[in-house]
Each structure stands twice: as structure tokens, then as C-alpha cells.
Amino acid sequence: PALSTAGPDVHASWKQLLHTRVVQHNIRVVSKYYRQIRVPRLAQLLGLTEDEAERHVAHMVSNSGLYCRIDRPAGIARFAMPKPPEEVLSDWAADISKMLNLVEMTCHLINKEMMIHKL
């Protein structure tokens with residue numbers, strides 16, 4: 001009801017605000033699903049030009065805590081923060097441990113089958 005009595009300038013400002021908020025939401029969603037994405041593809045997903053998409057991302061990086069690095073010559077936006085070497089090494093060690101546990105369980109199951117069938 002309040003907007004129905006407002007003038008066209010108020011409608012335009014609310015429309016622009018809604019558009020901005022939708023674009024920001026979509027950028028957050030893209031940052032959750034992509035580690036890196038080409039800027040033309042990002043612009044296509046957002047329904048914007050490349051310059052507008054880059055401007056919105058830059059605004060969000062400086063104001064709302066979004067992490068993104070844009071490599072302009074390559075045209076790639078990276079949303080994932082680089083991990084410190086200690087964390088990379090820890091993740092690698094955990095993955096190796098999981099793999100060794102799977103190998104050990106597989107060997108155990110093979111030995112069990114061999115004993116059951118007396119091969």
C-alpha cells in the first residue's frame with residue numbers, strides 16, 4: 001500500500017535495490033558451488049555483463065567479507081581461500097591414512113575369503 005502512493009523514482013530505487021540484492025545472493029551461491037569460474041561464465045550465470053559482474057564481486061569483497069581473487073588476464077575468478085601448507089599436509093596425511101585403512105580392510109576380507117574356501 002505505501003509503494004502504491006510513491007512516485008516512479010521510489011519504485012525505481014526499490015527495483016534497483018532488489019536487483020542488487022538478488023545479484024549479491026547469486027554471487028554468494030556461486031561462491032559456495034565453485035572454487036574458480038571464468039568471468040564470462042560468472043556473468044552469464046548472473047545475467048550481467050562481465051564488467052557489471054566484476055563490479056558487484058569487487059563491491060562484495062570490499063564490503064561484505066566475500067573472498068575472491070580475479071585474475072583479469074586469464075579471466076578467472078577464484079572463490080576458495082588458499083590453504084596454509086600445514087593444513088594441506090594434514091589433509092594429505094588424513095587421506096593417506098584413510099586409503100591405508102581401506103587397503104588393510106581389503107586384505108583382511110581377501111584372507112577371510114581364502115580361509116573360507118580353503119584356497
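User: Which helix holds Asn111?
Analyst: In this predicted model, Asn111 belongs to helix H4, which covers residues 85–117.

User: How exposed is Asn111, and why is it put in that class?
Analyst: Asn111 is classed as partly exposed because its relative accessible area is 45%, and that class lies between the cut-offs of 20% and 50%.

User: How far is Asn111 from Thr5?
Analyst: The separation between the C-alpha atoms of Asn111 and Thr5 is 81 Å. Along the chain, the two are 106 residues apart.

User: Turning to His56, where does it lie?
Analyst: His56 is located in helix H3, residues 50–63.

User: Is His56 buried or exposed, and why?
Analyst: His56 counts as buried because its relative accessible area is 9%, and the cut-off for that class is under 20%.

User: What does His56 contact, leaving aside its neighbours within four places in sequence?
Analyst: With those neighbours set aside, His56 is in contact with Thr20, Val23, Ile27 and Leu48.

User: Now the sheet. In what order do the strands run?
Analyst: The order is E1-E3-E2, in an open sheet of three strands with antiparallel pairing. At the edges are strand E1 (36–38) and strand E2 (69–71), each of which pairs on one side only. From one strand to the next, the twist averages 20 degrees.

User: How many bridges link E1 and E3?
Analyst: Three bridges join E1 to strand E3 (residues 76–78), in the antiparallel sense. Within this pair, Arg38 is opposite Ile76 in E3.

User: Which helix packs on the sheet?
Analyst: Helix H2, residues 39–46, packs there and touches E1, E2 and E3. The direction of H2 makes about 85 degrees with that of E1.

User: One more topic: what is the volume of the largest pocket?
Analyst: The largest pocket has a volume of about 170 Å³.

User: Which residues line the largest pocket?
Analyst: The lining consists of Arg35, Gln36, Tyr67, Arg69, Arg78, Ala80, Met81 and Lys83.

Conventions
Residues are numbered from 1 along each chain as its sequence is written. This is a predicted model: local features need pLDDT of at least 70, side-chain atom pairs count only at pLDDT 80 or more; totals for chains, interfaces and linings use all residues. Side-chain values use heavy atoms; hydrogens and water are left out. On a 1 Å grid over the protein atoms alone, a cavity is a set of points where a 1.4 Å probe fits but cannot get out, and a pocket is an open set with protein on both sides within 12 Å along at least five of seven lines; lining residues have an atom within 4 Å of a point. Grid points are joined across faces, edges and corners, and a volume is the space filled by probe spheres set on the points. Two strands pair if DSSP finds at least two bridges between them. Helices (H or I, at least four residues) and strands (E, at least two) are DSSP runs, numbered from the N terminus. Axes are lines fitted to C-alpha atoms, for helices over the stretch in contact, and angles run from 0 to 180 degrees between N-to-C directions. Contact means heavy atoms within 4.5 Å. Buried means under 20% relative accessible area, exposed over 50%, partly exposed in between (1.4 Å probe, protein chains only).
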